[in-house]
Amino acid sequence: MTVAAIEAVDVSRTYELDGVSVPALRGVSLTIGQGEYVAVIGPSGSGKSTLMHLLGGLDRPTGGRLVIGGRDVATLTAPELATLRNETIGFVFQAFHLLPRTSAVDNVALPLVYRGVGARQRRERAAAMLGRVGLGHRLGHRPNQLSGGEQQRVAIARALVTDPAVLLADEPTGNLDSATGEAVLELLERLNVESGVALVMVTHDPEVAARARRRVAVRDGLIRSDTVHDRPLSGGDGRPETLDAAPSAEPRSASGSGPGHPSGGSGGATGATGRLPRAGGTGGPGGPGGAG
Amino acid sequence: MRVAEAWRVALDALRANRLRSALTMLGVIIGVASVVLLVAIGTGTKQKVEQQVEGLGSNLLLVVPGKLDVGTAPVVSPLDLKDVDAVSRVVGDPGRVAVTIASGATARAGTRSDFTTVQGVLETTPAVFTRSLARGRYLTGADVDTSRRVAVLGASVARALFPDRDPLGQQVTLAGVRFRVIGVFTPLGQSLGVDRDDEVHIPVTAAQRLWGTQRIDGIAVKAPDRERIDQLGDRIVAELSRRHPDTEFSAVTQQQILGVLGDILGVLTGVLAAIAGISLLVGGVGVSNIMLVSVRERTREIGLRKAVGARPRDIGVQFLLEAVLLTSIGGLTGMALGVGTALLVDAVSPIPAAITWWSLALAFGVSAAVGIVFGVVPAQRAGRLDPVVALRAE
Ligand SMILES: Nc1ncnc2c1ncn2[C@@H]1O[C@H](COP(=O)(O)OP(=O)(O)O)[C@@H](O)[C@H]1O
Ligand SMILES: [Mg+2]
C-alpha cells in the first residue's frame with residue numbers, strides 16, 4: 001500500500017505523423033494506488049487509450065516521468081519493459097484480442113508462456129482462472145465458439161492469470177450489449193475486490209464511470225478532473241456525481257469539475273493537474289492483495 | 001520463452017494455416033525433390049558408365065591411331081594384322097591381344113532384317129573384354145585363320161532375326177554374304193541409351209574380305225598387371241610408331257577413360273544440381289513472401305503477444321522458426337519425393353538413378369538454410385513491430 005502501482009508525472013505523448021506533431025497527451029500526472037478502482041472517462045480522441053498504453057508500459061512517454069511497479073520506464077530496455085508488462089500489468093481491450101483458432105485455456109495461458117511456466121502448470125493455472133470468471137466449462141472452446149461476453153471473460157482471465165498488480169481495461173464493454181456489459185463490469189469489480197488487483201477502466205460512458213469511486217476525466221490530452229466520490233456503484237443514484245465527473249457535457253468542462261477543484265485547466269499550461277486528497281488512499285478494501 | 005515452446009508455437013501457426021503452409025512448402029518440395037532426383041540421375045549415369053567401362057575387363061589398354069582427345073578428328077587407321085602380330089610380340093602373349101574392325105550393316109534372316117554393327121574380331125575377344133555366351137560357342141583361331149563365315153550374335157540381333165526360332169545353325173546374310181550362326185552373347189543391356197547387344201561378331205579375316213580392306217580399326221590389350229600397364233602402353237605405341245612413322249598412336253587405359261567420362265558426367269551432374277538449386281531458391285523467395293504476408297496478417301496477434309509480455313526476440317524467433325519449419329518440412333517431403341521418384345525412374349525407365357547421402361544432406365541443409373535466410377527479414381519486421389500500432393491494426 002505504501003508504493004504506488006503506477007506513477008505518472010507530467011507525462012506527455014506526441015505522435016509524429018508525416019512530420020506533423022500530434023499531441024495525444026500533454027502533461028498528465030496520475031498515481032494508481034495498489035488495489036484501486038479508477039475510471040478514466042473522456043470523449044473519443046481525448047487520449048484515454050494513449051494514457052492506458054503508457055500506464056501499461058506498452059508505449060513510452062515522449063516527456064515526463066513514468067514509474068511502473070517501482071521501475072522508471074525510461075531506464076528499461078524493450079525486453080525489460082516486456083517482462084515488466086508480463087509481471088505487473090494485465091490488459092483488457094475493447095476488441096478482446098484473443099488468438100483465433102486457439103482454445104480458451106491456451107489463450108488464457110499465453111502470458112505464462114512468456115514467463116517460462118511449464119505447459120502443464122500453465123494449463124492448470126489458466127483453467128483455474130477461467131473457473132474464476134465463470135468459464136470453467138468452456139476450456140476447450142475457441143473464440144469463434146464463444147459469445148462476446150464469454151470472449152471478454154476469457155480476455156479478463158488472460159489479464160489476471162499472471163496475478164498482476166494492475167488491470168488496465170480499455171472500453172471493456174464497448175463491443176457488448178448492455179446486459180452482457182453489465183455482467184462483465186460486475187466481474188471486473190468483483191475481481192478487483194477479491195484479488196486486490198488495481199482496476200483502471202477506460203470508458204466514454206458516464207454511467208459506467210459512475211460505478212467507480214475515483215473518476216479521472218480526460219479531455220484534449222489533459223486530465224480535467226480527478227475526483228473521489230463517496231457513493232460508488234449503483235445505477236441511478238449516482239447521477240449527479242456522474243455528471244460531475246463527466247466532461248462530455250460540454251458547458252461544464254472547466255468550472256464544474258468536482259467540488260474544490262483547484263486548477264481549472266482552461267489555460268492548461270501547468271500540466272500537472274491538481275489532485276484531490278483521497279480518503280483512505282485506496283478504493284478497494286482488498287488492500288495490497290496478491291501482487292506478484 | 002523456452003525453445004521447445006517456440007517450436008510448438010511455430011508448429012501451431014503452420015497447422016492453423018494448413019493450406020497456405022502446404023502451398024508455401026510446395027516450392028521447397030519441388031526444389032528439393034528436383035535436386036535429389038537430378039543428382040541421383042547424374043550419379044546413377046556416372047556409376048553405370050563406370051561400371052560398364054570397368055566391365056570391359058580389368059587392366060585394359062586400348063590402342064588407336066590418333067590422339068584420344070575430345071574434339072580431334074578421327075584418323076584413318078594404318079594398322080593391319082601384321083601390326084597385331086608385332087604388338088603380340090611386345091606383349092608376349094597373343095591371347096591378351098584383341099582387334100576390331102567395325103561397320104554398320106544390315107543383317108538378314110529369311111524375311112527379317114536388322115541394322116546392326118558388325119565387328120571383325122579375333123578369337124581372343126571374350127578373354128580380353130570379359131564377354132560370355134548364352135548359347136553356342138565363340139569364334140576359334142581356326143575360324144579366324146580360314147576366314148570362316150561364322151557369326152556370333154548379340155542378344156538383340158538374335159531376338160530381332162530369330163524371335164521364335166533357335167538361331168544356332170541358322171544362316172544370316174551380312175552385306176549380301178551368308179554366315180552361319182554359331183553362338184549368341186549373354187545380354188549386356190543398355191548404356192546411355194545405346195543398346196550394347198546390337199552387334200554381330202565375325203572373324204576379322206572374314207570382315208576384311210567382306211569390306212575389301214587389309215586394315216583394322218584398333219587393338220585392345222589386356223595387360224598382365226595394373227602396375228606396368230602404362231609402361232606396356234608406351235612400348236606398344238613406340239613399336240607402332242616405328243612401323244608407321246607418319247601416324248600418331250595413343251594407348252589409353254580404363255582409368256583414363258573413366259577419368260574423362262567422370263569429368264564430363266561430373267560437370268553434367270553439377271549443372272543439373274545447379275538448375276534444381278535455382279528452383280529451390282525460388283521456393284525460398286516464396287517462403288519469404290508468405291512470411292511477410294503472415295506477419296502483416298497477424299499484426300494484431302503480434303501486438304497482443306507483446307502486450308502480455310513477449311519480448312521482441314520472442315516474436316522474432318517465433319517467425320524465424322516458422323520459416324525454418326516450413327522449409328525443413330518441405331525439405332524432408334521433397335527428399336522423400338525425390339528419392340521415391342529416383343527409385344521409380346531407375347526401376348521402370350532406362351535412365352539409371354542412384355541416391356547419394358551427400359545430395360540428401362545438401363538438399364536438406366540448403367532448404368533449412370533457405371528458411372533461415374528468407375525468414376530473417378520477416379522475423380525482424382515482426383519483432384520490431386510497435387505493439388500499440390499492432391494492436392490498433394485492422
Ligand atoms: N499512432 C498514432 N499516430 C498518430 N496519432 C495518434 C496515434 N494514436 C492516437 N493518435 C491520436 O491521439 C489522440 C488520442 O487518441 P486515443 O488515445 O486513441 O483517444 P481515445 O482512446 O480517448 O479515443 C487522437 O487524436 C488520435 O488521433
Ligand atoms: Mg480509445
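Around ligand 1 sit A:Tyr15, A:Leu17, A:Ala24, A:Pro43, A:Ser44, A:Gly45, A:Ser46, A:Gly47, A:Lys48, A:Ser49, A:Thr50 and B:Arg392. To be listed there, a residue needs a heavy atom within 4 Å of the molecule. Ligand 1 lies between chains A and B.

A word on the basis. This is a predicted model, where local features need pLDDT of at least 70 and side-chain atom pairs count only at pLDDT 80 or more, while totals for chains, interfaces and linings use all residues. Residues are numbered from 1 along each chain as its sequence is written, chains are lettered from A and ligands numbered from 1 in the order in which they are written, and side-chain values use heavy atoms, with hydrogens and water left out.

Back to the shell. How do its residues divide into nonpolar, polar and charged? Four are nonpolar, six polar and two charged. The classes: Ala, Val, Leu, Ile, Met, Phe, Trp, Tyr, Cys and Pro are nonpolar, Asp, Glu, Lys and Arg are charged, and the others, Gly among them, are polar.

Which element gives the largest share of the shell? That is H1(A), with three residues. S1 and H1 of chain A each supply at least two. These labels are DSSP runs, numbered from the N terminus: helices are H or I with at least four residues, strands are E with at least two.

Now the polar contacts, meaning pairs of N or O atoms within 3.5 Å; within protein, one must be able to donate a hydrogen and the other to accept it, and residues adjacent in sequence count only if both atoms are side-chain atoms. A polar side-chain atom of A:Thr50 is 2.5 Å from a ligand 1 oxygen. A polar backbone atom of A:Ser46 is 3.2 Å from an oxygen of ligand 1. From chain B, an N or O atom in the side chain of B:Arg392 lies 3.1 Å from a ligand oxygen. On its own, ligand 1 has 560 Å² of accessible area, and the protein covers 72% of it. Those areas use the Shrake-Rupley method with a 1.4 Å probe; for residues, only the protein chains shown count as cover.

Next, the sheets of chain A. One is an open sheet of four strands, ordered S2-S1-S4-S5, with antiparallel pairing. Two strands pair if DSSP finds at least two bridges between them. Strands S2 (20-32) and S5 (71-72) of chain A stand at the edges with a single partner each, so one side of each has no neighbour in the sheet.

Walk through the pairs. S1(A) and S2(A) run antiparallel, joined by ten bridges. A:Thr14 stands opposite A:Pro23 in S2(A). The two strands form a hairpin with two residues between them, and A:Asp18 in the turn has a positive phi of about 50°.

S1 (residues 6-17) of chain A also pairs with S4 (residues 63-68) of chain A, antiparallel, over five bridges. There, A:Ile6 has A:Ile68 in S4(A) as its bridge partner.

S4(A) and S5(A) pair antiparallel over two bridges. Their hairpin has two residues between the strands, and A:Gly69 in the turn has a positive phi of about 55°.

What lies across S1, S2 and S4 of chain A? Helix H1 (residues 48-55) of chain A, running at about 60° to S2(A). Contact means heavy atoms within 4.5 Å. Axes are lines fitted to C-alpha atoms, for helices over the stretch in contact, and angles run from 0 to 180 degrees between N-to-C directions.

The other open sheet has six strands, S6-S7-S8-S3-S9-S10 (chain A), with mixed pairing. The twist averages 15° from one strand to the next. S3 (residues 37-41) and S9 (residues 214-219) of chain A are parallel, over four bridges. A:Ala39 stands opposite A:Arg215 in S9(A). Helix H6 (residues 178-195) of chain A packs on this sheet, touching S3, S7 and S8 (198-203) of chain A, at about 155° to S8(A).

Last, chain B. S2 (residues 97-109) and S3 (residues 112-121) of chain B pair antiparallel over nine bridges. B:Ala107 stands opposite B:Asp114 in S3(B). In their hairpin, B:Gly110 takes a positive phi near 60°. S3(B) also runs parallel to S10 (residues 199-203) of chain B, joined by five bridges.
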